[in-house]
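Subject: Structure handover

Hello,

Here is the structure we discussed, followed by notes on what was found in it. Please read the notes with the model open.

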Amino acid sequence: MRPTARIRRHRRGDVGWLLERHAVVYPAEFGYTPEFETYVAKSLIPFLERDDRVREALWIAELDGKRVGSIAIHIDPERPGWAKLRWVLLEREARGFGLGQRLMATALRFARKQSYRGVHLLTVDDLAAARHLYDINGFVRTWVDPEPCPWAPWGHEETWELRFKVRSSPRRRPV
């Protein structure tokens with residue numbers, strides 16, 4: 001029997017879970033160093049302090065009520081009008097159910113509804129499945145750091161962007 005999958009907005013305790021799972025999954029699966037946990041923890045602070053549930057959101061994927069994934073849209077104060085896609089994670093047992101794509105679709109739908117001009121993200125070039133997800137959703141790689149990544153010294157950080165098409169307002173006919 002197929003497990004019941006759902007995606008919901010975050011609630012109390014989910015941010016702690018997200019940090020813990022990033023600190024466990026990425027080192028176990030990709031060999032990331034302890035610096036990665038610090039990086040993720042620091043990135044969560046502005047999200048928690050701002051607590052802007054209108055312009056930002058964090059979603060949790062569940063299988064049969066168990067947390068198995070996350071994704072977020074986060075304001076980028078350094079790039080007005082743009083949002084960051086953050087904290088993408090899918091536990092091994094949750095892969096193959098389409099949850100990664102459902103999380104992505106949920107986040108992008110939210111970002112478009114909030115009228116962001118686009119979404120960008122930072123990733124590492126060794127995350128093939130995540131990079132594939134970004135690619136099939138229209139993101140384009142725009143930058144590669146020539147220096148090795150601090151928590152994955154064999155890899156390089158990359159920026160990927162998805163620029164949204166600006167909806168033009170209907171033209172009015174002259175009277």
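**Buried residues and a helix pair**

R21 has a relative accessibility of 18%, so it counts as buried, the cut-off for that class being under 20%. Please keep in mind that this is a predicted model.

R21 belongs to helix α1. Leaving aside residues up to four places away in sequence, R21 is in contact with Y26, L89 and E91.

H10 sits in the loop between β1 (5-9) and α1 (14-30). Its relative accessibility is 11%, so H10 also falls in the buried class. Which residues does H10 touch, not counting those up to four places away in sequence? They are V15, F47, R53, L58 and I60. With one of these, R53, the side chain of H10 also makes a polar contact of 3.3 Å.

Two backbone entries may be worth a look in your viewer. D51 is not a glycine, yet its phi is positive, at about 45°. D51 is in the loop between α2 (35-50) and β2 (57-63). With a relative accessible area of 46%, D51 is partly exposed. W87, which is not a glycine either, has a positive phi of about 55°. W87 is located in strand β4, residues 82-90. Is W87 buried or exposed? Its relative accessible area is 6%, so W87 is buried.

The last item is a helix pair. Helix α3 covers residues 99-113 and helix α4 covers residues 128-136. The two pack at an angle of about 50°, and their axes are 11 Å apart. The crossing of α3 past α4 is right-handed. On the α3 side the contact is made by G100, Q101 and M104, and on the α4 side by L133, Y134 and I136. Sorted by class, the contact between α3 and α4 has four nonpolar residues, two polar ones and no charged ones.

Regards

Conventions
Residues are numbered from 1 along each chain as its sequence is written. This is a predicted model: local features need pLDDT of at least 70, side-chain atom pairs count only at pLDDT 80 or more; totals for chains, interfaces and linings use all residues. Side-chain values use heavy atoms; hydrogens and water are left out. Axes are lines fitted to C-alpha atoms, for helices over the stretch in contact, and angles run from 0 to 180 degrees between N-to-C directions. Helices (H or I, at least four residues) and strands (E, at least two) are DSSP runs, numbered from the N terminus. A crossing is left-handed if the near helix is turned anticlockwise from the far one by less than a right angle, and right-handed if clockwise. Contact means heavy atoms within 4.5 Å. Ala, Val, Leu, Ile, Met, Phe, Trp, Tyr, Cys and Pro count as nonpolar, Asp, Glu, Lys and Arg as charged, and the others, Gly among them, as polar. Buried means under 20% relative accessible area, exposed over 50%, partly exposed in between (1.4 Å probe, protein chains only). A polar contact is a pair of N or O atoms within 3.5 Å; within protein, one must be able to donate a hydrogen and the other to accept it, and residues adjacent in sequence count only if both atoms are side-chain atoms.
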